[in-house]
Each structure stands twice: as structure tokens, then as C-alpha cells.
Amino acid sequence: MHETSAIIERVKGVGHKIQHVELAVHPLLADMKAGQSILVRLNKSWDPYLREQWWPVKFAPGKITVERPREIHYEPGSEISVFGPIGDWYRFRRTLRHVLLLAYDTPPTPLLSMIPMLLANQTSVTLVLNGSAITYDTRHLSPEVEVVHGDADLNWPNRVMMLGLADQVFAVVRPDDEILRFAKIWQVFEASRAEIPRNYLFGVFNPVLPCGAGACQACMIRLKQGVALTCMDGPAIDLSQVML
Ligand code: FES
């Protein structure tokens, strides 16, 4: 983990509510991978507020592109303070034909960085937007991604078949009560499958990260055995191991 600076190089609106911000980053962030994020302070001098967590959606040599709300103005050429990389990579099964991504009452942004890699490896991807997530504009996503809309009770067309076809599932939920929403997702899977194996259904946790370095314990998740820190062991945590 390093504190470095980055330059905002380009800002592009990609939907009604979102924009993509391309950053030229320090070489220390060159090997960031899908799953990892950065903590950002726009003002290079110290301020009393927590850093914002920015989620990459694309990686290129020396650059990362992050997705941000469109109503915030970012000035190309500005220098920002970056702390990262935060968290661990998304881990995939060796044999992977189909991955299901779920966003429940929140934009799917933390999940998007894995899509280019999965498609390049001939893995098909379905993105299911549930509840208020259906307002997320998906026109900038690859046309190879199947996008499905579900409701606030996690019903969507062909749900049982999709759960059966998925080799792995990654879900992100609104951060106000992640355990409650992940528990609802777990119940849906439990009702549709005979068993939920390990390394199959992951919650991508997205709480406020005061330190991002494993020091403050504010991002602690209770597991069936022990605890995990989102900023060190996450963001993806196997829900079969979480106390839901
Ligand atoms: S944010 Fe401080 S320990 Fe994770």
C-alpha cells in the first residue's frame, strides 16, 4: 500500500448519472487488478475528511479509469492524492464458463473491473440489476454482457436457470446494511439450489474505509470462524463463511 499522486487526464460522461475519469497513476499502482480500489483525496493538502473510495472499471499500462457520479466536477490536469491499492484481487475458479454479477439497490460499479478479463477469457457474463440498481445506465458496457432487470425482492426472469448455470457469483449491495441485504441474497440462492458450495457466492463489501490499511478495524466482518477486514481480505468475501 502506498501514498502516491495521480493526474486526472480525461473525463467522459458515459450515462445520465455516471462519468469515467481516466487517471495517470504512479508506477507503484501499475499491477492493480480487478477487485482492488484506491482511496482518494482531491485536495493534495491535509483535510479532516475521510478519503473517498474510487473503484476502477478499466486498467491500462500507467492508467486506471474509475467510475464516479456525474454530478461531481473533475478538472482534467488536476493532481490528486491516492492511497492504494486497497484490498485483494477477485479470485476465480480455474474452470469458469459463466459468471453472474448481482447489484442490489446500488450501482454495479465495484463489479465492473472484472468484466474485460472475463470476456477475454471466453467467460460469459450476466449482470442482474435489482431494486434501485435498474436505474443504472448500462449502454457503455460491452454488448457481450447480458443485462437483466430484477425487482426489489430479487425476482428476475429465468432466475432459477441462471443460478444453476453460474460457476461463480459476485454481488454488491447498498452499503447502509450490507449484512441484511447479503442475507436476502443468500436466502434466494438457498431456496433455488440444493447446496451453496464454498467459493461460489461472494459478497463484494463496500463499507466506509477510514484507514484502508488494516489499522482501525472499522471494516471488520464477522465470519463463522474469526473475522475478516474488508480493506485487507476483501472486498470479495465468500458468503458461505460470513455470519449472516
Ligand atoms: S478500514 Fe481500517 S481496518 Fe479496514
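# Reading the calls in a predicted model

Trainee: What makes strand β9 (residues 124-130) largely enclosed by the rest of the structure?

Mentor: Five of its seven residues are buried, so β9 is largely enclosed. A residue is buried if 20 or more other C-beta atoms lie within 10 Å of its own, exposed if 12 or fewer, and partly exposed in between; C-beta atoms are placed from the backbone. Strands (E, at least two residues) and helices (H or I, at least four) are DSSP runs, numbered from the N terminus. Two ground rules. This is a predicted model: local features need pLDDT of at least 70, side-chain atom pairs count only at pLDDT 80 or more, and totals for chains, interfaces and linings use all residues. Residues are numbered from 1 along each chain as its sequence is written.

Trainee: Why is Ser37 called buried?

Mentor: Ser37 has 25 C-beta neighbours inside 10 Å. The cut-off is 20 or more, so Ser37 counts as buried. Ser37 sits in strand β3 (residues 37-41).

Trainee: Which residues does Ser37 contact, leaving aside its neighbours within four places in sequence?

Mentor: Among them are Trp54, Trp55, Gly84 and Ile86. Contact means that the two C-beta atoms, placed from the backbone, lie within 7 Å.

Trainee: Why is Gln122 called exposed?

Mentor: Gln122 has 8 other C-beta atoms within 10 Å. The limit is 12 or fewer, so Gln122 is exposed. Gln122 lies in the loop between α1 (115-120) and β9.

Trainee: Is Gln217 buried or exposed?

Mentor: Exposed, with 11 C-beta neighbours inside 10 Å. Phi of Gln217 is also positive, near 70 degrees. Gln217 is in the loop between β12 and β13 (220-222).

Trainee: Where are cis peptide bonds found?

Mentor: One joins Gly84 and Pro85, with omega about -5 degrees. Pro85 is in strand β7. Another joins Gly234 and Pro235, with omega about 10 degrees. Pro235 is in the loop between α4 (230-233) and β15.

Trainee: How do you know that β8 and β9 pair?

Mentor: Two strands pair if DSSP finds at least two bridges between them. Seven bridges join β8 to β9, which run parallel. One of the bridges links His98 to Ser124 in β9.

Trainee: What makes β10 (146-149) and β15 (236-238) edge strands?

Mentor: The open sheet has six strands in the order β10-β9-β8-β11-β12-β15, with mixed pairing. β10 and β15 each pair on one side only.

Trainee: Which strands does helix α3 (residues 178-192) touch?

Mentor: Helix α3 packs on the sheet and touches β8, β11 and β12. Its direction makes about 145 degrees with that of β11. Axes are lines fitted to C-alpha atoms, for helices over the stretch in contact, and angles run from 0 to 180 degrees between N-to-C directions.

Trainee: Which residues touch the most other members of the largest nonpolar core?

Mentor: Leu102, Phe170 and Ala171, out of 57 residues. A nonpolar core is a set of buried Ala, Val, Leu, Ile, Met, Phe, Trp, Tyr and Cys residues joined through C-beta atoms within 7 Å. Strand β8 (residues 98-104) gives the most to this core, with six residues.
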